[in-house]
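Please read these points with the model open beside you.

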Amino acid sequence: QGGNNAGHTVVVDGKEYDFHLFPSGIINPKAISFIGNGVVIHLPGLFEEAEKNEKKGLKDWEKRLIISDRAHIVFDFHQAVDGLQEVQRQAQEGKNIGTTKKGIGPTYSSKAARTGLRICDLLSDFDEFSSRFKNLAQQYKSMFPTLEIDIEGQLKKLKGYAEKIRPMVRDGVYFMYEALHGSPKKILVEGANAALLDIDFGTYPFVTSSNCTVGGVCTGLGVPPQHVGDVYGVVKAYTTRVGIGAFPTEQINETGDLLQSRGHEWGVTTGRKRRCGWLDLVILKYAHMINGFTALALTKLDILDVLDEIKIGVAYKLGGKRIPYFP
């Protein structure tokens with residue numbers, strides 16, 4: 001799920017890579033990486049990312065990457081609209097959501113409105129694709145009169161990308177079925193964004209537009225629930241948040257600054273400073289209720305080494321009473 005709004009920094013053999021659309025497994029020459037149907041793909045972003053990581057020594061990624069034919073496409077105008085919507089929210093409500101302006105929300109909106117276009121559409125009849133692309137562009141232009149779209153220029157670029165990705169595209173459902181039922185394999189699913197950014201279970205409306213909890217494995221890849229084995233929760237030894245939204249354990253003080261600077265807490269995608277605070281166990285338990293973790297990977301414990309005292313959020317009070325749930 002998600003798109004190039006999320007980022008993972010991966011360090012292997014002293015080399016630092018940053019991935020947004022590429023699965024982290026792309027570094028491993030023995031692994032096959034698969035971008036599932038639940039992901040929204042900005043094609044210029046994909047090739048930009050490839051180029052950046054090739055300079056860091058990533059080789060032959062095209063031979064190891066497979067893309068689902070059902071994944072939706074993020075167009076440049078989706079990204080422009082994302083920015084315009086944020087400006088509108090700020091003007092109307094005095095606050096925005098703090099999106100990455102990568103066009104993720106508008107693309108999922110198109111998907112839900114059934115006007116979106118998928119990788120399979122791009123690779124089949126290009127005339128049909130072009131007319132649907134024009135219709136979608138016109139819809140957005142009528143909603144946002146200031147929006148400028150170079151329709152012909154965009155289509156020309158998209159035609160070029162179509163040929164570049166054609167060899168990588170497969171029927172994703174059949175691909176996953178074969179992976180699950182063929183010779184025994186280790187399958188690792190990597191999600192984007194955190195549990196509290198889930199469209200259903202997160203701190204709505206300050207969330208992303210997809211399901212970043214374990215259900216996304218089933219809907220975003222076509223994997224039946226019985227095949228989901230171990231579920232690893234990845235959690236820092238303190239809590240961070242990029243963008244706007246509730247954050248009870250936030251430390252707007254020296255502690256917060258220390259965690260931010262020692263932990264190098266910048267958003268990989270946006271470069272924004274992450275807000276930092278003590279570990280919130282209420283959130284962690286809540287994430288566990290939804291995901292059913294079989295194990296936790298606790299990271300960045302060393303960032304707390306310099307502190308004499310470490311605090312942890314253990315409960316929430318609502319109207320003076322301790323509550324056992326996440327409100």
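1. A helix here is a DSSP run (H or I) of at least four residues, and helices are numbered from the N terminus. With that in mind, Asp-60 sits in the loop between H1 and helix H2 (61-64). The model is a predicted one.

2. What is the phi of Asp-60, a residue other than glycine? Its value is near 50°, which is positive. Most residues other than glycine have a negative phi. Look at this loop when you check the backbone angles.

3. Most peptide bonds are trans. Pro-205 belongs to the loop that lies between helix H8 (172-181) and helix H9 (215-221).

4. Next come the helix pairs. Two packed helices are described by the angle between their axes and the distance between those axes. For helix H1 (residues 43-54) and helix H7 (residues 151-165), the axes come within 10 Å and cross at roughly 55°. The crossing of H1 past H7 is left-handed.

5. Which residues make the contact between H1 and H7? On the H1 side they are Leu-43, Pro-44 and Phe-47, and on the H7 side Leu-158, Tyr-161, Lys-164 and Ile-165. By type, six residues of this contact are nonpolar, one is charged and none is polar.

6. H7 also packs with helix H6 (residues 126-143): the two axes come within 11 Å and cross at roughly 140°. H6 is therefore oblique to H7. Here the crossing is right-handed.

7. From H6, the residues Phe-126, Phe-129, Ser-130, Phe-133, Lys-134, Ala-137 and Gln-138 meet Ile-151, Glu-152, Gln-154, Leu-155, Leu-158 and Lys-159 of H7. This contact divides into seven nonpolar, three polar and three charged residues. Leu-158 of H7 is listed in the contact with H6 and also in the contact with H1.

8. Finally, the domains. The protein chain is divided into domain 1 (1-186) and domain 2 (230-323), and their C-alpha centres lie 29 Å apart. Domain 1 gives 14 residues to the contact, and domain 2 gives five residues. How much area is buried between domain 1 and domain 2? The figure is about 620 Å², with 58% of it from carbon and sulfur atoms.

How values were computed
Residues are numbered from 1 along each chain as its sequence is written. This is a predicted model: local features need pLDDT of at least 70, side-chain atom pairs count only at pLDDT 80 or more; totals for chains, interfaces and linings use all residues. Side-chain values use heavy atoms; hydrogens and water are left out. Axes are lines fitted to C-alpha atoms, for helices over the stretch in contact, and angles run from 0 to 180 degrees between N-to-C directions. Helices (H or I, at least four residues) and strands (E, at least two) are DSSP runs, numbered from the N terminus. A crossing is left-handed if the near helix is turned anticlockwise from the far one by less than a right angle, and right-handed if clockwise. Contact means heavy atoms within 4.5 Å. Ala, Val, Leu, Ile, Met, Phe, Trp, Tyr, Cys and Pro count as nonpolar, Asp, Glu, Lys and Arg as charged, and the others, Gly among them, as polar. Domain bounds come from an automatic or database domain assignment. Buried area is the accessible area (1.4 Å probe) that two parts lose on being put together, summed over both. Angles under 35 degrees count as roughly parallel, over 145 as roughly antiparallel, 65 to 115 as roughly perpendicular and the rest as oblique.
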